[in-house]
Amino acid sequence: MNFDFTEEQRVFRDSARRFLHDSYTFEKRQSIVHDDAPFCAETWRACADLGWLCLPFSEQHGGLGGDILDTVILFEELGRQLVIEPFLETLILAGGVLRRCPVASTEGLLGALMEGQLQGAFAHGEISQRNFNGVRYARAEESPQGFRLRGKKVVVHNALAADVIIVSASLGGGSELGLFLVRPGDTGVGLHGYPTIDGRAAGDITLNDVEVPTNRLLARGPTAEIVLEQVHGEALLALSADMIGSMDTLIDRTIEYTKERRQFGSRLVDFQVLRHRMVDMFVAKELATSLCYAAATKARDGATDARRFAAAAKAKADKSAKLVAHAAIQLHGGIATTDELAIGHHLKRITVHEQRFGSTQDQLKAFRHLAGSDTALPSSIKKVA
Amino acid sequence: MEISYTSEELEFRDQVRGFLRENLNPFLVNAGMRMTSIFSDFDASLLWQEALRRKGWLAVGWPEEFGGVSWTPTQQAIFTEESRQAGAPMLLPFGVQMLGPILLKYGTEAQKQELLPRILSGEDLWCQGYSEPGSGSDLASLRMRAETVGDTYVLNGSKIWTSFAHRSNKIFCLVRTDSACKPQAGISFLLVDLDSPGISVRPIVSLDDEVEQCEVFFENVEVPRSNLVGRENQGWEIAKYLLQFERGAYCYYAAIDKQFARLAQLTRTISDATSSHAGVPTAGDAPDDVFNHRLAELEVDKLALQCLERRITSGSAINQPALCLASVVKVVGTELSQRVDELCLQAAGPYVAVKQNEVFDPSYEGSVIGPESAASVAYSYINNRAATIYGGSAQIQRNIIADYLLEV
């Protein structure tokens, strides 16, 4: 048993950290946020040049053949520097679906994605599905040309920049799931974009009888469920890792600050009540990190309880990240409630992440139902399938 | 990164399981399962110690010439987890786990030859004399004096929270041999026979009406100078050295897992009772949903603790020294186990009120009022409040972690 990263993984982490530390300063990040473009195309290109966009794809697809642990490393670094570029949407979600669904309509897309020429989005959430797994009203009816899509997807991150949008829909309005490839230019696709509080952009997508050819159906039925489940699991780990990165920065900054700031004639770091609070921040981060690494290893190995571990990892990362961010703001005082410091921006990012792919409570619910636990007390509330 | 056990580790686990199957009898398992504190029934602990000695698995980390066995931290963790799951009694740590390593490092050859075999055989039962009525968290302020008179030390003062002093024949003490210096620099480590003239032991009754703790009084107690371990005034260093032996033996997860097993038993009993009354209207299901949510939260925390312990025992760097990580795990483990206790209270419901101390005796075979798994819940909860006090309080642990985290 060991929790060590390989030498290769350590080298990758160090180089990613150095690159983002030098080129993606907080000032640079804020200028990107305030710019009209949804993210920095130049940064995206630089990341493509570094090979980051090839990371999770197999060598046969032209990628680097990395595994979920490499993804975890990357997202820790992205979280650390508050990177707003759409790695989750393009690499993990759209890329994750595309690489699992090799149909004719996806040919060439992965290559373009890895070169930095293609953006993706994952249109899954609906107004009725607060918890990611609720009722799905978007429908796909068979039509002479293939399928006709109808419905509305909400808070689709990176929707406006996306060249390909993966849409989930019920086939024929029944319980069978279908995953479709939709282009923003397809007739009947409506986009309403808006900024998100974490400096990024999302949008609502309306599908007004969008006609797509049969080969745009990427997967259906049990296959589609498995793809969705796997991509969902990876997203949970990527988000957890991103929050671990945030925690790292928040703890480092807080320690630095309490060593500089003086009140009542002493450095803040000399007050026991503040020291203990920082200890709790450190402990919370290490617990979340340990669970995230274990969950990533389970996912890599295809363990039967991998999905359960992913839910646990996200729940723990959510809670730890909140604890750390709240304490960081409290110990910094008023200055951390302003736009000028990175501290508060980490809380905004964490606030968004906590609700993505199921809230903390949804993860706990999933964890419980995946557990087959015999410890739970009986309840009449129906289990979410 | 590999979080599953290697085939060698799995083989070792099978060996441990086989040994536990063959050597645990109902009396021992009762002692392991009917605990309401961190200790099992004293006699059962000694029987279990003897069984492990015969197997050669008692003195983990001791050299072979003294009957020791060398296990990796992961093997130690496997042994602990399997032992807890099988319901083995707890071992008394004072001789084998605490004094043994100290004698091996600081003892004279004569001390090692004489005392180490007697620890393993159970001939000597040691207790630990550290805390004093005026020195708890601030241990270095301890005042029990040891004055040199010829070839002897003369001891005056008292020790408190001395677990099982009333069942032991020897005590290792931290004593004050110099008051003119920095407090830590004037402490010595001394071995004392509890039957020496001038020693009296007062049992302390805990909130569960049982006695595990004692106060020990020393009045002009004469101890040969040859009972000094290490050099005079080296006691603080020796006490700190011992802390390192916590490393590799993290077992909070195993104990918490056992709490969950007990909780599972309890909720099963309730579920069975509920279903046998099917059709009877109940007060509604909302409380159960709250319970189940809380349970899931604690299970996630248990999983995180397990992963953290494994990450530490497997030696993966968290960029902090071992002593700091031992404190991290102590804080997390004890605070989580207290939260699990609180959920157990919710499951046991009205039965927490029932006082039936006799059922905790491992040889008790009579009936139990209410679900058997509910019987120990209240006292486990109450006694476990001590978990964040003993062995360095949660606040002292946070001080230790802070020193590493904030100054290095």
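**A predicted two-chain model in questions and answers**

Student: Is A:Ser143 buried or exposed?
Tutor: The model is a predicted one. A residue counts as buried under 20% relative accessible area. Because A:Ser143 has 13% relative accessibility, A:Ser143 counts as buried.

Student: In which strand is the place of A:Ser143?
Tutor: Strand S2 of chain A covers residues 139–143. The place of A:Ser143 is in strand S2 of chain A.

Student: With which residues is A:Ser143 in contact, leaving aside its neighbours within four places in sequence?
Tutor: A contact requires heavy atoms within 4.5 Å. With neighbours within four places in sequence set aside, the residues in contact with A:Ser143 are A:Arg148 and A:Glu211.

Student: How many bridges join strand S2 of chain A to strand S3 of chain A?
Tutor: S2(A) is made of residues 139–143 and S3(A) of residues 146–157, and they run antiparallel. They form a hairpin with two residues between them. In S3(A), A:Gly146 stands opposite A:Ser143. The number of bridges joining S2(A) to S3(A) is five.

Student: Which residue in S7(A) does A:Gly146 stand opposite?
Tutor: S3(A) is also joined to strand S7 of chain A, residues 201–213, by nine bridges. These strands run antiparallel. The residue of S7(A) opposite A:Gly146 is A:Pro213.

Student: How many salt bridges does the structure hold over all chains?
Tutor: Side chains of opposite charge can pair when their charged atoms come close. A salt bridge needs a side-chain nitrogen of Lys or Arg within 4 Å of a carboxyl oxygen of Asp or Glu. Over all chains, the number of salt bridges is 51.

Student: At what N to O distance do the side chains of A:Asp301 and A:Arg300 meet?
Tutor: A:Asp301 counts as partly exposed because its relative accessibility is 42%. A:Arg300 also counts as partly exposed, at 27%. Their side chains meet in a salt bridge, with an N to O distance of 2.8 Å.

Student: How many residues apart are A:Lys322 and A:Glu354?
Tutor: The side chains of A:Lys322 and A:Glu354 meet in a salt bridge with 2.4 Å from N to O. The pair links distant parts of the chain, with A:Lys322 in helix H9 (residues 306–332) of chain A and A:Glu354 in helix H10 (residues 342–354) of chain A. A:Glu354 has 12% relative accessibility, so A:Glu354 counts as buried. In residues, the separation of A:Lys322 and A:Glu354 is 32.

Student: Which residue of chain B is in one network with A:Arg17 and A:Glu77?
Tutor: The network is joined by salt bridges that share partners. From chain A, A:Arg17, A:Glu77, A:Arg80, A:Asp248, A:Lys285 and A:Glu286 are in the network. From chain B, the residue in the network is B:Arg311.

Student: At roughly what angle do the axes of helix H3 and helix H6 of chain B cross?
Tutor: H3(B) covers residues 42–55 and H6(B) covers residues 109–121. B:Gln49, B:Glu50 and B:Arg53 in H3(B) meet B:Ile119, B:Leu120 and B:Ser121 in H6(B). The residues of this contact divide into two nonpolar, two polar and two charged. The axes come within 8 Å, and the crossing angle is roughly 115 degrees.

Student: What radius of gyration does chain A have?
Tutor: Chain A has 11 helices and 10 strands. For 385 residues the globule rule gives 21 Å, and the value for chain A is close to that, so chain A is as compact as a globular protein of that length. The radius of gyration of chain A is 21 Å.

Student: What radius of gyration does chain B have?
Tutor: Chain B comes to 12 helices and 10 strands. A compact globule of 408 residues would have a radius of gyration near 22 Å, and the value for chain B agrees with this. The radius of gyration of chain B is 23 Å.

Student: What percentage of the residues in chain B is buried?
Tutor: The C-alpha atoms of chain B fill a box of roughly 85 × 50 × 45 Å along the principal axes. Of the contacts in chain B with a separation of 6 or more, 75% are between residues 24 or more positions apart. Among the 408 residues of chain B, the buried share is 53%.

Conventions:
Residues numbered from 1 in each chain as written. Chains lettered and ligands numbered in written order. Predicted model: local features only at pLDDT ≥ 70, side-chain atom pairs only at ≥ 80, totals over all residues. Heavy atoms only, no water. Pairing = 2+ DSSP bridges. Helix = DSSP H or I, 4+ residues; strand = E, 2+ residues; numbered from the N terminus. Buried < 20%, exposed > 50% of the residue type's maximum accessible area, 1.4 Å probe, protein only. Axes fitted to C-alpha atoms, helices over the stretch in contact; angles between N-to-C directions. Nonpolar A, V, L, I, M, F, W, Y, C, P; charged D, E, K, R; others polar. Rg over C-alpha atoms; globule rule 2.2 N^0.38 Å.
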